[in-house]
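The sequence and the structure come first.

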Amino acid sequence: MPFIPHTHADKESMLETLGIASIADLFDEIPDRIKCDSLPDIPDGISEMAMLHHMAHRAQEDASGVCFLGAGCYDHYIPAAVWDIASRGEFLTAYTPYQAEASQGTLQLVYEFQTMLASLTAMDVANASVYDGASALAEAILMAVRVNRKSKSRRVLVPASLHPSYLATVRSIVTHQGIELELMTSHEGLTAVSDVDLENAVAVVVQHPNFLGLLEDVDVLTNRAHDVDALVIGVVNPMSLALLKPPGDWGDTGADIVCGDGQPLGIPMASGGPSFGFLCTRMIHVRQLPGRIAGRTQDKDGNHGFVLTLQAREQHIRRAKATSNICTNQGLLVTAATIYMTLLGPQGLHEIASSCVHNTHRLVDRLTELPNVSMRFATPYFHECVLDFGESTEALQQRMLDNGILPGYPLTGLIDKGDQAMLVCATEVRTEQDIDRYYQELTNG
Amino acid sequence: MVETIFDKSRPTRRAVAQRVKEGFAQQPLPEHQLRSAPPMLPEVSELQAVRHFTNLARKNFSIDTHFYPLGSCTMKYNPRGVHRAAMQEGFLNRHPLTPTSHSQGVLACLFELQELLQNVTGTAQVCLTPMAGAQGELTGALMIKAYHTDNNDHERTEIIVPTAAHGTNPATASMAGLIAKEVEVDADGDVDLESLKRVVGPKTAGIMLTNPSTCAVFERRIQAISDIVHDAGGLLYYDGANLNAILGRARPGDMQFDVLHLNLHKTFATPHGGGGPGAGPVGANELLAPYLPTPMVTKTENGYGWLDRSVRPKSIGRLSSFMGNVGILLRAYAYSMMLGANGMRNVSAYATLNANYLMKRLSNAGFHPAYPDRRATHEFAISLRQEAKATGVTAMDFAKRLLDYGFHAPTTYFPLLIPECFLIEPTETETKEELDAFADAMIAILKEAQTDPDLVKQAPHQQPVGRLDEVQAVRQLDVTAH
């Protein structure tokens, strides 16, 4: 019986205390008709050693090579201390800090996390995280519609260059509350919002850098949205904020709600999850911010301590009238991200972001030396860029994969002539040799 | 005075080993797009960072350090082998958009987990992507709504939830654009059938039920409930929060539930991580399976692959950036492999034995189970109302004093309909000695409440901080250090 400590004597003595003959008697309130007495299609249990052997085999099958894929998930280096500490049992096996006095570690860490995210985005407050970037945007949109009292409209504008999975997720979640999503026009990969678009909009979503890696004109977009009393929701990569103007400083008055995916901050790619989504806003909107929030307070002797605060927004108190049905955050990933940001500090994060920008530009410069390869958009980009390979990328991708290179994300169906284009990314972990290998593999074809 | 990491920060100090490259000659980004002042992140050495977070960790109660009988949360042992299995380089380094030809290892695990969860729950198909129980609930509610819409049954806008239900149930109904209608629970903790008959009707989209219920008893009249709701044209949603109580002994599919979610972080022992991540896979019968979210994993003669919207046109769509919390799914898969069929049946057997034993010990000592004539399931509720009336010591005071005795408190004040409630879930991985020690602590605290109530009311006394002022935390909101 793996993980069950009962000796035969324990069991007998417990049954005796209960005055019953067997454990089966404990299930006598379940009607016989719905009982099952075995799980015939499930095999017998195995030892830890056998399980690990099997899992090691499965993990090795997926060793896929040098990664030039980005598209919302990035191959960054993670310092050793991050997961060493995050994997400590006291972080790994605690739960939501309902008993604050016995959870000061988690609560203080969340408070520090909120401080770091608020500073990175130049907003006033951050929550303790939600599931991931896509669901964070869905929550941000629901929140924007709740807080924008100047507009009764439920029309939300989203950019055509929004991450396609984010758009799909938002559509699955927000349309059930009568919210209409409308795509803004785009020109050369950038959002070109028109006056017609803006009419009667309650909120405008701005992804920056956008899905295609391009830098939007965030100041103009923000000001134009605010001119018509629409709220601005920024969707950002937290790593980019080490270099780029933070959403709180966009335009004359800044974005109103900021969200994104925290994966670049010390979270392994791990097939895309678990990661965490973050949500930041202005203090005036804090009571409509969904999710957990940690706050600093005092005990009766005046000692500082931390608690979950503003709980009256949440489902366990407000039930059907809660700001969201979310019940947890992504605590463990927030732990890792907080340690990551601490180890890097402002200077370290700046260097990594710069290195990503530099490497991707190096990659693009090198590959576009080839006559058939070109940049699709002649616009400044951050650490991802759309390259046109002049022919269908399908065979090219397969050949590169077989030679140990993940060459990028094919854009088939996502942009005009997308079957010839890939979104490429070279983070700080890519070396000059990696870039050279990509070049060589291309020329070999 | 508590020092935050920002108090330890000094300008220009850094963890030098984490330096990558610096001094790039040319910055290719336009000047007006750049940040003018750096973010206020801490500037500390690597040792300072390691020491700070290690010391924070030590201020937490956790399963690895303390008995943690938090009802409804299933705080059982999270096997280290399982953690190691999921933390292997091959799994961690896989980019989510890697083509399926180079993802057969992880896809095989996910496909086998889908099949295993179908077997365990008695459903036709399972989708693994929902990222937590609450998102699983939303998935179920949206699938029910999609089914009715598909049948041009547009009047079905109400979803029934018991008064004792977890807050996520009504909150989920609202998120799905449905109206939550409450149904009463009777004195024995079962859904009141007369109340149910009054609530169901042509507007009923479905009912959300947990079984064993949030009152910690098995819903004995599940067949009658199912008939009443189905006869009215509604569908049954099973909230899998308490599936560990009946694992391998009764399957929600056999109870006529149409759609359900599982909390892998409960029944399948994945770590709670201080608040998450979880995973809330959703299963459905043949009727609702077409509406499951995407992506799902399929197996063909060419190997494993994804099922997306193009082949599942009725799907309610995508709910996450990629494929949900794969790392958690891998842990649940590894755990279930170690348990096997018998191990799963032992989960429900010993979780139930431990809960009934602890309930008996407390009841023998004079505490009051909320449903004294019922079997405990994997957990049980006691009401401290009489103790509070006699001594002025509330359930919250008891909870805080338990911390001083080295036990995490049970869930307090839930379910809401039980006054001064403790919901106690010992789990199958605790020893009899631990349960006895907890019962002894409860007895000792009751004695303190009678002889020195202030001692209990002022608790905790031996934690890093005394009882914290939550009212002040709201009134003088302090949510960032700067």
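The model is predicted: local features need pLDDT of at least 70, side-chain atom pairs count only at pLDDT 80 or more, and totals for chains, interfaces and linings use all residues. Residues are numbered from 1 along each chain as its sequence is written, chains are lettered from A and ligands numbered from 1 in the order in which they are written, and side-chain values use heavy atoms, with hydrogens and water left out.

**Chain A and chain B**

In contact (heavy atoms within 4.5 Å) are 187 residues from chain A and 195 residues from chain B. The two chains bury about 16,300 Å² between them, with 63% of it on carbon and sulfur atoms; buried area is the accessible area (1.4 Å probe) that two parts lose on being put together, summed over both. On the chain A side, the residues that lose the most area to chain B are Phe3(A), Glu101(A) and Arg319(A), together 5% of what that side buries.

Seven salt bridges cross the interface of chain A and chain B, each a side-chain nitrogen of Lys or Arg within 4 Å of a carboxyl oxygen of Asp or Glu. The polar contacts there number 82 residue pairs, both residues at pLDDT 80 or more. A polar contact is a pair of N or O atoms within 3.5 Å; within protein, one must be able to donate a hydrogen and the other to accept it, and residues adjacent in sequence count only if both atoms are side-chain atoms. Helix α11 (residues 331-367) of chain A gives the most to the side of chain A that touches chain B, with 22 residues; helices are DSSP runs (H or I, at least four residues), numbered from the N terminus.

**Domains of chain B**

An automatic or database assignment divides chain B into domain 1 (1-59), domain 2 (82-338) and domain 3 (346-457). The centres of domain 2 and domain 3 of chain B, taken over C-alpha atoms, are 30 Å apart. Their contact takes 23 residues from domain 2 of chain B and 19 residues from domain 3 of chain B. About 1,600 Å² is buried between these two domains, carbon and sulfur atoms giving 57%. Eight residue pairs are in polar contact across this interface, and the salt bridge count is one.

| Salt bridge | N to O distance |
|---|---|
| Arg14(B) and Glu351(A) | 2.9 Å |
| Asp190(B) and Arg374(B) | 3.3 Å |

Conventions: Helices (H or I, at least four residues) and strands (E, at least two) are DSSP runs, numbered from the N terminus.
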